[in-house]
Amino acid sequence: MSHRINIITSDGTKDNVNVDLSFQNFNSLPTSTGSSITQSGRLLSLDIFRGLTVVLMIFVEYAGGIYPTVNHSPWNGITLADFVMPFFLFIVGVSLALAYKNLSCRLIATRKAIYRGIKLFIIGLFLQGGYFHGFGYLTYGVDIENIRWMGILQRIAISFLVASICEIWLQATNFRVNSGRSLLKKYRLQCAMTIMVTVIYLSLFYGLYVPDWEYQISSSKTEIFSVKCGVRGDTGPACNAVGMINRKILGIRHLYTKPIYGRIKACSVNSPSNGPLPPNAPSWCQAPFDPEGLLSSLMAIVTCFIGLHYGHVIVNFKDHKHRIQQWLIPSSSLVLLGVICEYGFGMHLNKALYSFSYMCVTAGAAGFLFTAVYVMVDVWGYSKYWTIVLKWMGKNALLIYVLVSCNILPVILQGFYWKRPENNILRLIGIGH
């Protein structure tokens, strides 16, 4: 899907081009910015960064079950796997800044952004709502009463939609940028939106009262588990405001049924891996909890806004030195702020809650990695041979995600069996027992 825009070339003349704004082509550039731009108009370093993130996603998806230190942190703390989601959100933000550099009609761009956001949300709902049953089953379909409303692609869709609307409508036109301060002034409304979203998250997270609550697990139709709370600002698995909002608005039946905190020592004898419940395990250990819920998505939106800022640097600064400087300063500041929040104020790094400190550290890390890729590709020119696979993966990130992370490929392979469904290809090679 393309959008026709006017650009001003280096010699001052105007021209019309079609810019591809589909999900995997958000980094199309309408004009040369001094970077390594391919013939199709894509920013090469961003494709490679996205490809690296896809490689990281695949690695932690399969290695996480073998090496717990690679897998997502059961609760507080951060591991290699916990960087994947923020990296994708950061990439979406950078891409939007480049794709919406010049717009001929904001209403048309808004309509297309809404359409893409809804489309991506529906894809995520189909893939992660429980329609595909995964390993061990050749069945499919989902009971609407128990469908999972949120998920990874849904969170990306929400963040993309909010960030794209802000990028389309909340930027000053005909504003000359010659410094970091003037860059912030040009996008001051977006900065205000970022601060407002952060304040809303922190206010709700630490200010909402979390009452006692109850739940039933799907295998038990009679036993009711009670969880005692009655607190504010709790950051534990049972009584946080993130889980309460999800239970109240989405409904407890529509949450992720395999909570990440099921691997902590209090809930698993095999911690940090999954395992049987230990004696005297807390009543909340089997309660549903969605790591991509509503309140935590606010910090995901902020990560996307930070990516927008890095994209604005590309759009408004033409030489490598100024770009790198404008990237390294916020990257360092974000990581430092996250560390201070963790050790100075007890705001733990936590992916499931998408805590403020977690957002700062992961967004800063994304900024550092993107800067490193930019230096290697755009400054030093190392982009001919070793990046071919990464470029391809970066251009097809959504397809790879669907095949790898949502069990589509395993489900397809399970469809080929000998005499009985249990004798499928995956079982023969030792997968899915």
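**Close-up 1. Helices H8 and H9 lie roughly antiparallel to each other in this predicted model.** The axes of H8 and helix H9, the latter formed by residues 320–344, come within 9 Å and cross at roughly 160°. Because angles over 145 degrees count as roughly antiparallel, the two helices are therefore described in that way. The crossing in which H8 passes H9 is right-handed.

**Close-up 2. Side by side, the residues with which H8 and H9 meet.** From H8, the residues taking part are Ile 306, His 309, Tyr 310, Val 313 and Ile 314, and these meet Arg 323, Gln 326, Trp 327, Pro 330, Ser 331 and Leu 334 in H9. Sorted by kind, the residues of this contact of H8 with H9 comprise 7 nonpolar, 3 polar and 1 charged.

**Close-up 3. Helix H6 packs with helix H8.** Helix H6 spans residues 188–207 and helix H8 spans residues 296–316, and the two pack at an angle of about 160°, with their axes 9 Å apart. H6 and H8 are therefore roughly antiparallel to each other, and their crossing is left-handed.

**Close-up 4. The residues that make the contact between H6 and H8.** On the H6 side the contact is made by Gln 190, Met 193, Thr 194, Val 197, Thr 198, Ile 200 and Tyr 201, while on the H8 side Ser 296, Leu 298, Met 299, Val 302, Phe 305, Leu 308 and His 312 take part. When the residues of this contact of H6 with H8 are divided by kind, there are 9 nonpolar and 5 polar residues, with no charged residue among them.

Note on methods
Residues are numbered from 1 along each chain as its sequence is written. This is a predicted model: local features need pLDDT of at least 70, side-chain atom pairs count only at pLDDT 80 or more; totals for chains, interfaces and linings use all residues. Side-chain values use heavy atoms; hydrogens and water are left out. Axes are lines fitted to C-alpha atoms, for helices over the stretch in contact, and angles run from 0 to 180 degrees between N-to-C directions. Helices (H or I, at least four residues) and strands (E, at least two) are DSSP runs, numbered from the N terminus. Angles under 35 degrees count as roughly parallel, over 145 as roughly antiparallel, 65 to 115 as roughly perpendicular and the rest as oblique. A crossing is left-handed if the near helix is turned anticlockwise from the far one by less than a right angle, and right-handed if clockwise. Contact means heavy atoms within 4.5 Å. Ala, Val, Leu, Ile, Met, Phe, Trp, Tyr, Cys and Pro count as nonpolar, Asp, Glu, Lys and Arg as charged, and the others, Gly among them, as polar.
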